[in-house]
Amino acid sequence: MDPKKLEEVETSWLQRRGLIGGGLLGLGALAMTFGTRRYSGTPVVSRGGDAQEVGKAPVQKVDDIVLARTVTSLALLAAAAHEKVKANVGDDLKPVVDQIISHHKTHAALFAGITTRLGGEPATAPNAVVLANVVTPAAATINNSESALKVAHVVESTWSATYQSMTNMFSTPELRQSVMTASGSLARHAALIASVLPTNSYLVPSLAPIAEETTEPTTADKAPVIVLAAPFASVAGALGPNSFDYPPAPAA
Amino acid sequence: MTESVLTDNGDSEATLISRRRAFQLAGAAALSATALATALSSSARAEITLPTNDTALDDADRALVGYAVSLELACVALYDAMIPKVSGDVKALGETLRNHHDVHGKACAALAGSANPNVANATMLAEYIEGFTNADVATAWDVEERMVASHLFLLGVVKGTKGSETLAAIINADAAHAAVLASLSGNPALVEVERTAGVFAPADYAVVI
């Protein structure tokens, strides 16, 4: 590099440092000036570096409208997630994935309608936080039919548990019934997908086994019939209540 | 450039390059800090207050979950009729589902208290016993679908949150039962996925003690 240019860079940096230093001094002076009085007419001891009060974060109240918007955003996200699943499964399973996508869209429409009925504005976008933290990393693992189905199973079982975990957050029995209608639908999806995963593929005569897994006989030494681990569907696999972006009602 | 070339002010070019690199790193760090701050501020943007709707079961709720007990006990009796007629995996599945309904019945009984009828629903039993005795998996599928619909119906009227919590957990378990039995019976498992019809309505399936 040309030494003159280097010198110019250095000079410019020194000037910048000077400016920053001056700025900091100015800010310090300003802080000391205002540090002498907190409120007009109330003298206090002057001091440098007056402790800054940290304001409290605003409180977002999650009510039925926000919950309905949240469920809508989750349903829209699940529908979008299954598009990648669909692109990676065989033609025999595409109609099933289409049906799952259709159900999620139906649930989104159901909760959009509920939002409107409650006086809110329906959510129209997938849940951004869950997209970034759950769906995107999961979708990145998809590279064949089996991995796609595993992701589909995770989405269905997690969403089902999540909706179930929201049941009692809704204030009325009618709204609880609505969210569990969606949750039950996803529990069926999860059970069906579990049955087409390799260990249980023989359970679904109407659906061909996954192509990559057909080299081994699926009817010999059958695995347990299906995963029905407990009499009560658990919410342990649900997304935690702080995992969402709760889409707040838009400002009027 | 790896060679050290002295400049007029005595700094080597390598020094300047490393300084520029340091500024670049500092800039990157600042950006990261900004990103982190943005992420933290977005998470700290608002303190989430989740609703709590703790409501105790009233007498009407207890009567409703008591009705659910009669349905669950009927399921237990139906699977008891099926299990001796099947073998292998289907038998194992039947036993699992039977035991699930037994536990569901006990959970609802605990909530119902004195409103627990402690009898199987006779109307439901009469309607389905033949199909179960003949080990008809499609009949079992139909019952599981109707159990999902019935619990959804009850969820829509029970006000007590302990009741709705239990019913919600049962709904998803029964929905999984239904999907498995639909698969096993060779039916397209998702055709009826949104089914909510077929409720065992208390008016039609009255409990006779």
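Let me start with helix 2 of chain A and helix 4 of chain A, which are roughly parallel to each other, a label given to angles under 35 degrees, whereas angles over 145 count as roughly antiparallel, 65 to 115 as roughly perpendicular and the rest as oblique. This is a predicted model, in which local features need pLDDT of at least 70 and side-chain atom pairs count only at pLDDT 80 or more, while totals for chains, interfaces and linings use all residues. Residues are numbered from 1 along each chain as its sequence is written, chains are lettered from A and ligands numbered from 1 in the order in which they are written, and side-chain values use heavy atoms, with hydrogens and water left out.

The axes of helix 2 (residues 64–88) and helix 4 (residues 128–139) of chain A come within 11 Å and cross at roughly 20°; these axes are lines fitted to C-alpha atoms over the stretch in contact, with angles running from 0 to 180 degrees between N-to-C directions. Helices here are DSSP runs of H or I with at least four residues, strands are runs of E with at least two, and both are numbered from the N terminus.

Which residues meet across these two helices? From helix 2 of chain A come A:Leu74, A:Leu77, A:Ala81 and A:Lys84, and they meet A:Val130, A:Leu131, A:Val135 and A:Ala139 in helix 4 of chain A, contact meaning heavy atoms within 4.5 Å. The residues of this contact divide into 7 nonpolar, no polar and 1 charged, where Ala, Val, Leu, Ile, Met, Phe, Trp, Tyr, Cys and Pro count as nonpolar, Asp, Glu, Lys and Arg as charged, and the others, Gly among them, as polar.

Turning to salt bridges, the count over all chains is 10, each being a side-chain nitrogen of Lys or Arg within 4 Å of a carboxyl oxygen of Asp or Glu. In one of them, A:Asp98 pairs with A:Lys86, their closest N and O atoms being 2.9 Å apart. A:Asp98 lies in helix 3 (residues 94–117) and A:Lys86 in helix 2 of chain A, so the pair ties together parts that are 12 residues apart in sequence. A:Asp98 is partly exposed at a relative accessible area of 35%, the term covering values between buried, under 20%, and exposed, over 50%, with a 1.4 Å probe and protein chains only.

In chain B, finally, salt bridges link B:Asp58, B:Asp61 and B:Lys159 in a network.
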